[in-house]
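Please open the structure in your viewer and keep the selection panel at hand.

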Amino acid sequence: MSQYQDRDQARWAENLRRALPDPSAEAAAKSKARVEAWFESTAPTISWQRWSTPIGPLFLAAGAEGLIRISYQDSQAAFLAELDRRARLVEDPQAMAPYRQQLADYFAGERDRFSLPLDLSRLTDFQKRVLTTIARIPAGAVWSYRQVAEAIGKPKAARAVGQALGSNPLPIILPCHRVIASDGSLGGYAGGLPIKRKLLKIEGAQLF
Amino acid sequence: MPLPEIRFEDLIEVHHDEIHRYLWRWALTSSGPDPEADAQDLTQETFLRAFNAFDRLRPGSNHRAWLYKIATNCARSAWRKAARVPTAPESVIDTLAEPSGSTPEQHVVDRGRDLILRRALAELPAKQQAAVTLRHLQGLDYPAIAAALECSEASARANVYQGLKKLRQSLDRPEEV
């Protein structure tokens with residue numbers, strides 16, 4: 001662009017700025033306050049907390065429909081990035097108390113079934129099918145990936161089952177740790193194999 | 001894993017003011033009696049539409065340009081081009097414009113030129129008005145303007161060029177206004 005054109009463009013920008021000046025700071029603040037108030041009354045709220053447990057730190061998140069996420073993530077930013085991007089996020093340990101209570105009982109070996117509202121609305125149909133199926137595996141028992149695939153009527157889908165379990169948003173409560181490889185080895189786990197082993201030990205599963 | 005995408009809350013925090021400025025500028029060239037109220041309504045409408053479409057925003061896309069696209073569509077549907085004459089009360093604009101010129105005479109000349117420019121902008125095809133405003137008042141680059149106006153970069157440049165050309169003509173012939 002020539003120097004002449006540069007000057008010409010700058011002059012036009014100046015003319016336009018004068019003809020169409022910025023709004024007043026008050027007008028901008030008023031508009032922003034209105035948008036923020038609307039957002040607070042419209043957006044879903046997700047409460048969350050970081051919680052130290054006998055198996056290590058966990059992040060928990062819940063909304064109006066129930067528990068949304070139990071996460072083994074190390075970083076808070078990475079955990080929050082997994083949650084619905086439209087939602088308002090509120091760090092609120094008080095709101096998580098009912099969920100914490102049942103999980104604490106479970107870690108203490110005093111509970112082997114959970115009775116909690118779960119929000120599975122963001123899962124695919126296939127994930128839901130796999131996760132509701134493995135929710136029927138009783139504490140103390142283990143199934144193989146292939147057994148789960150057979151139980152959902154897709155005996156060749158063991159690999160897809162593994163993937164669906166790998167993206168389980170509610171580990172422990174939807175017990176994907178009770179699914180192991182058909183050769184008896186532990187397979188994989190989002191929280192790492194030592195935690196998978198600990199959970200199975202809490203439940204008294206007989207391995208090997 | 002893709003980078004964490006922006007949260008809607010942050011979208012409001014980061015982009016509200018510039019979107020509001022943009023819609024205020026549309027309101028100034030419209031025939032509404034209260035540009036401040038219009039800009040506020042349109043800003044609210046823009047964020048509401050954005051919220052409803054937020055799940056469909058593709059990862060990695062330019063969310064700033066995407067917001068401008070929604071804002072432009074809101075402005076265009078609010079003010080279909082039928083007989084748009086800027087009648088925003090001069091007092092509203094007067095209080096905002098920086099004092100211009102060194103003498104009262106110069107001030108009158110400048111105000112006359114500002115009015116001509118606003119009218120000329122209002123008379124441009126909506127796409128040219130949007131392109132000129134985005135480029136010279138909102139500071140968007142051409143790829144972002146193209147995304148906001150859903151056209152090619154070449155077309156974005158052409159719209160800015162054509163728009164400026166017509167504005168220039170209107171300033172050269174003020175007696176026709």
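**Before you start.** This is a predicted model, in which local features need pLDDT of at least 70 and side-chain atom pairs count only at pLDDT 80 or more, while totals for chains, interfaces and linings use all residues. Residues are numbered from 1 along each chain as its sequence is written, and chains are lettered from A and ligands numbered from 1 in the order in which they are written.

**Stop 1: a helix of chain A.** Select residues 25–42 of chain A, which form helix H2; helices (H or I, at least four residues) and strands (E, at least two) are DSSP runs, numbered from the N terminus. H2(A) has 18 residues and reaches 26 Å from its first C-alpha to its last, close to the 26 Å expected at 1.5 Å a residue, where the expected span is 1.5 Å times one less than the number of residues.

Now colour Ala27(A), Ala28(A), Ser31(A) and Val35(A), which are buried. A residue is buried if 20 or more other C-beta atoms, placed from the backbone, lie within 10 Å of its own, exposed if 12 or fewer, and partly exposed in between. Ala27(A) counts as buried because it has 20 C-beta neighbours inside 10 Å. The face turned away from the buried side carries the exposed residues Ala25(A), Glu26(A), Ala33(A), Ala37(A), Glu40(A) and Ser41(A).

**Stop 2: where the chains meet.** What covers the buried residues of H2(A) includes helix H1 (8–28) and helix H2 (35–53) of chain B. Show both chains together: 29 residues of chain A are in contact with 32 residues of chain B, contact meaning that two C-beta atoms, placed from the backbone, lie within 7 Å. On the side of chain A that touches chain B, the largest share, 11 residues, comes from H2(A). The residues of that side divide into 15 nonpolar, 4 polar and 10 charged, where Ala, Val, Leu, Ile, Met, Phe, Trp, Tyr, Cys and Pro count as nonpolar, Asp, Glu, Lys and Arg as charged, and the others, Gly among them, as polar.

**Stop 3: chain B and its H7.** Then select H7(B), residues 142–149, together with H6(B), residues 126–136; their axes come within 10 Å and cross at roughly 145 degrees. Such axes are lines fitted to C-alpha atoms, for helices over the stretch in contact, and angles run from 0 to 180 degrees between N-to-C directions. The contact is made by Lys127(B), Ala130(B), Ala131(B), Leu134(B) and Arg135(B) of H6(B) and by Ile145(B), Ala148(B) and Leu149(B) of H7(B).

Stop 4: Most residues other than glycine have a negative phi. Which value does phi of Glu150(B) take? Phi of Glu150(B) is near 55 degrees, a positive value, and the residue lies in the loop between H7 and H8 of chain B. Glu150(B) is partly exposed, with 13 other C-beta atoms within 10 Å. Finally, select Ile172(A), whose phi is near 75 degrees, again positive. Ile172(A) sits in the loop between helix H7 (158–166) and strand E6 (179–180) of chain A, and Ile172(A) is buried, with 21 other C-beta atoms within 10 Å.
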